[in-house]
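User: Hello! I am new to this structure and would like to understand the words used for it. Could you walk me through them?

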Amino acid sequence: MAETVPMLELTVDEHDVIRGAEEVLKAIRPHWRCDSIRFKLFTDGITNKLVGCFNQNNNRSDGEGDFDADASSAGEVVLVRVYGNKTDLLIDRKKETENIQLLHRYGYAPSLYATFRNGLAYEYVPGVTLTPESCREERVWRLVAKRMAQMHKVEQPGSSKQPMLREKLNQFLKLVPQIFSDPVKHTRISKIFPNVTELRRDFDELYGKLSQLASPVVFCHNDLLLGNVIYNAERDRVTFIDYEYAAYNHQAFDIGNHFTEFAGIDEIDYNRYPGKEFQLRWLKVYLDEFTGSRGTDSDVERLYVQVNQFALASHFLWTIWALIQAEHSTIAFDFIQFAENRYREYLRRRAEFLALTYQN
């Protein structure tokens, strides 16, 4: 039975999230003194807005760097996440809450303190988010590979073990407007992307090929970009955050999606996509943890082919996601350029990755 989490009857103004965070704290941390709280607005995300609420406990604090300290020594920190405009069209918020609680019971996710109409409050995880450099460091990627394998063994009672990929992609395609409300955006998009009918036909063809790979269906994060991995060097551990899209899905999608994110977000460079040698080492560590035994070379090669072919589906999914965000998001981010980057990489790699084979 999931622990009951308070549901606060309040809506936070996404243009005044600090004031909104104050209202959340009054409800869930009434003993915190207003004059002892420091707020920090994090700017890493491109979907939601995130505020760190730091209880200084009357201790002097001189800068934002306190949020990078261990929360146990610096005082309690609560994170307040405010959902982006219209993201409820994309995400099942009830399911997200259940995901966080489920994974917290396994020790894989932070504690959830409360939800409100357009967001939630949860435990701060001390550490730093990964970068295109740190995700390649051996002590880090090994932890990520093992944690992903552990998460993939999670069982979600009562859930259909149908992979979410096709259903989610179809849901997204229905949300792409035929005509974007901003004429300038509409002109830009029309010059780059096929219409929705053609995009749907393309994905159906791709998914038909991917379905033949028989990638196992496991409980996946489905959005393991570098900013969703927290690395704590002192504790030698990684924690995954933001379970908006977590659901049963193809194992190879989750891994391939993570590899595509090595390119970064702010300055995307797909030359950072990991090569075969790195992938084989990563996948060997993953398989050893996932199976509980030493994976054979043929097992690793098979997974390598599956992962790279499902990476194409990752590019496709987030291309469509970004087109929806271009219509609705109020966050200052060039979603059209992001969509173009992912779509062009999908086209560039499609023939190469689909030509990969392995020996049974």
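User: How many helices and strands does the secondary structure of the protein come to?

Analyst: Welcome! The protein has 11 helices and 11 strands. Helices (H or I, at least four residues) and strands (E, at least two) are DSSP runs, numbered from the N terminus. Please keep in mind that this is a predicted model, where local features need pLDDT of at least 70 and side-chain atom pairs count only at pLDDT 80 or more, while totals for chains, interfaces and linings use all residues. Residues are numbered from 1 along each chain as its sequence is written, and side-chain values use heavy atoms, with hydrogens and water left out.

User: What makes the radius of gyration of the protein agree with a compact globule?

Analyst: The radius is taken over C-alpha atoms, and the globule rule is 2.2 Å times the number of residues to the power 0.38. For 360 residues a compact globule would come near 21 Å, and the protein has 21 Å, so the two agree. The C-alpha trace spans about 65 × 55 × 40 Å along its principal axes.

User: Why is Cys34 called exposed, and why is Cys53 called buried?

Analyst: Buried means under 20% relative accessible area, exposed over 50%, and partly exposed in between (1.4 Å probe, protein chains only). Cys34 has 64% relative accessibility, so it counts as exposed. Cys53 has 0%, so it counts as buried. Across the 360 residues of the protein, 54% count as buried.

User: Why is strand β4 described as largely enclosed?

Analyst: Strand β4 covers residues 77-82, and six of its six residues are buried, so the rest of the structure largely encloses it. Val77, Leu79 and Arg81 are buried on one side, and Val78, Val80 and Val82 on the other. In a regular strand the side chains alternate between the two faces of the sheet.

User: Which strands does β4 pair with?

Analyst: Two strands pair if DSSP finds at least two bridges between them. Strand β3 (residues 49-55) and β4 have six bridges, in the antiparallel sense. β4 and strand β6 (residues 119-123) have five, also antiparallel. Leu79 is the bridge partner of Gly52 and stands opposite Tyr122 in β6.

User: What makes helix α8 mostly covered?

Analyst: In helix α8 (residues 251-260), 10 of its 10 residues are buried. Among them are Phe253, Ile255 and Phe259.
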